[in-house]
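I opened this notebook to record what I looked up in the model, one topic at a time. The structure comes first, and my entries come after it.

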Amino acid sequence: MYDIEIKDLSVYYDSVSALQNVSLNISDKEFLGLIGPNGGGKTTFLKVLIGLLEPTTGTITINADSPIGYVPQFIFFDRKFPISVMDVVLMGKLPNKTKWFQSYSNKDKQCAERVMDQLGILDFKDRQIGQLSGGQLQKVLIARALVTEPKILILDEPTASLDSKTKKEIYEMLKKLNKQKTIIIASHDMGDIFSYIDSAAYINKTLSYYKNDTKSSDEILCKMQGYPYMKSGDKDDKRVF
Amino acid sequence: MIREFFNYTFIQNAFISAFLASIVCGIIGTIIVEKHLVSMSGGIAHASFGGIGLGYLLGIEPIIGGLIFSVLSSLSISNIKRKTNTNADTLIGIFWSVGMALGILFISLTPGYTPDMTSYLFGDILTVSTLHIKFMLVLSIIIVFFIVGIFHYWKLYMFDEEFAKVLGINVLTLERLLFILISLSIVILIKVVGIILIIALLTIPPAIAKLFTYDLKKIMIISSLVGVLFSVSGLIISCQFDIPSGATIILLSALGYFAVTIANKLLKKQIF
């Protein structure tokens, strides 16, 4: 049985098509990379998966008992918001049925600390989020998703605007998590991502799926006709689309 | 002289209402500032003027009319925004001025002499009646109950609505509840500082509190205390010099804000 089964999915914003007839099955413990140009529908695809957007047509079946763990891009957050790292991570423990006058249990706190320790951010637990670097904040958001104990983890551009050392750290961390979890990651980092993922989906309104058998980016990228590609290690993170 | 003053019921009422208003301002004001709902709150406050006018026209308590108008307009803004994709800013502008226009129209249609509206526009804390105090007390308890009772949910809602939705939390209900609570606080504040001056009392105390702490709960508590300090001392000054209370409270708060900000900057410079 697949973790996620997507059948003939189409999404329209008013009359503008964002995704057309996308079908895809994602296996248990698969590490899937979503690639494609900006505005090609990667974010739309993720939002439909986690239920923030309704598909216009088609169906999505998710075969997991726990909710999907979702990691948004850290750059969209108000870094001045008065909240500590610990409080952000604990948010993952809020029950969806409203409990009045509840506070987090010691078990919740221990779980949050354990996850933070794993990700190497336990030292910052009392800091306000504005006092963190981008990479640290991204790890906080990953920790928040992990405390929900998800079977499937979805990340939207987790390494955007991070330096290459931090990028590598995050990918290595995800690879470890991948032993227990299905991971779907949207990314611009064409070059870097290929040594980690099992499969790639190229999304530009439609979706093409490739098995990453060789773990080498060149072959897959060759198959994707006309996809502009910059090798990792190129200056900055500027892609020309 | 102050002690003699306290024997009067209207002075006691003034101080109680200043106190209640400050608590509400500290809590709701912090949320408004952090959730970027300042102009939205201004819109709701002005829209309530329509209800106050209607209250006069129909011969019911104007504050009740104001309460109904502010609740309805805040819920309408959120609904219309969702259904039509109209920019919230535009809608707020429309409700803002339509509310004022309706208020003026209703008052002109009210038979008999034209009531004096300045106490609603600029506040007159000395005219707060015992009935008002009871009304304010009930509304304040409702506000504190709903904010404290599900505090962690508010924090998540303010910080990251999207993640709240992913967790399966009903964000729409939280939004509606918050808008109702904002409307209630505005109604509490109308008599104290008036429709036009409300925004200052909602935003200045949290702005000062934010200089001292990064903790949301502490910001709310400090804002409330700062609010009490400014509104009570503003009230005393206005009584002493026989000047309008609402305007005195606001000007004192603004002065306090600038003083604290500058002092804060100077202190930091010395340390580094």
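**Ground rules**

I noted that this is a predicted model, in which local features need pLDDT of at least 70 and side-chain atom pairs count only at pLDDT 80 or more, while totals for chains, interfaces and linings use all residues. Residues are numbered from 1 along each chain as its sequence is written, chains are lettered from A and ligands numbered from 1 in the order in which they are written, and side-chain values use heavy atoms, with hydrogens and water left out.

**Entry 1: the sheet of three strands in chain A**

I began with a reminder that strands of a sheet pair through backbone hydrogen bonds, either parallel or antiparallel. In chain A I found an open sheet of three strands in the order β2-β1-β4, with antiparallel pairing. Two strands pair if DSSP finds at least two bridges between them, and the elements themselves are DSSP runs numbered from the N terminus, with helices being H or I of at least four residues and strands being E of at least two. At the edges I noted β2 (16-26) and β4 (57-62) of chain A, each of which pairs on one side only. From one strand to the next the twist averages 20°; for such values, axes are lines fitted to C-alpha atoms, for helices over the stretch in contact, and angles run from 0 to 180 degrees between N-to-C directions.

I then followed strand β1 (residues 4-13) of chain A, which pairs with β2(A) in the antiparallel sense over seven bridges. Along this pairing, A:L9 has A:V22 of β2(A) as its bridge partner, and A:E5 has A:N25. The hairpin of β1(A) and β2(A) has two residues between the strands, and there A:D14 takes a positive phi near 50°.

**Entry 2: the sheet of six strands in chain A**

Next I traced an open sheet of six strands in chain A, with the order β5-β6-β7-β3-β8-β9 and mixed pairing. Its edges are β5 (69-71) and β9 (206-211) of chain A, each with a single partner strand, so one side of each is left without a neighbour in the sheet. Here the twist averages 15° from one strand to the next.

Which residue stands opposite A:S199 in β9(A)? I found A:K211 there, and I also noted that A:N204 stands opposite A:T206. Both pairs join β9(A) to strand β8 (residues 199-204) of chain A, and these strands pair in the antiparallel sense over six bridges. Their hairpin has one residue between the strands, and A:K205 takes a positive phi near 70° in it. I also saw that helix α4 (residues 134-146) of chain A lies across β5 and β6 of chain A and runs at about 165° to β5(A).

**Entry 3: crossing helices in chain B**

In chain B I looked at helix α2 (residues 9-34) and helix α11 (residues 198-209), which pack at an angle of about 85° with their axes 8 Å apart. The two are therefore roughly perpendicular to each other, a label for angles of 65 to 115 degrees, where under 35 counts as roughly parallel, over 145 as roughly antiparallel and the rest as oblique.

I then turned to helix α8 (residues 151-159) and helix α12 (residues 216-241) of chain B, whose axes come within 11 Å and cross at roughly 105°. In this contact (heavy atoms within 4.5 Å), B:F151, B:K155 and B:M158 in α8(B) meet B:L216, B:K217 and B:M220 in α12(B).

**Entry 4: where the chains meet**

How many residues does each chain give to the contact? I read 32 residues from chain A and 26 residues from chain B. Between them the chains bury about 2700 Å², 70% of it on carbon and sulfur atoms, where buried area is the accessible area (1.4 Å probe) that two parts lose on being put together, summed over both. In chain A, the residues that lose the most area to chain B are A:F81, A:P82 and A:W100, together 23% of what that side buries.

Last, I noted a count of three salt bridges between chain A and chain B, each being a side-chain nitrogen of Lys or Arg within 4 Å of a carboxyl oxygen of Asp or Glu. A:K47 forms a salt bridge with B:E162, and their closest N and O atoms are 3.4 Å apart.
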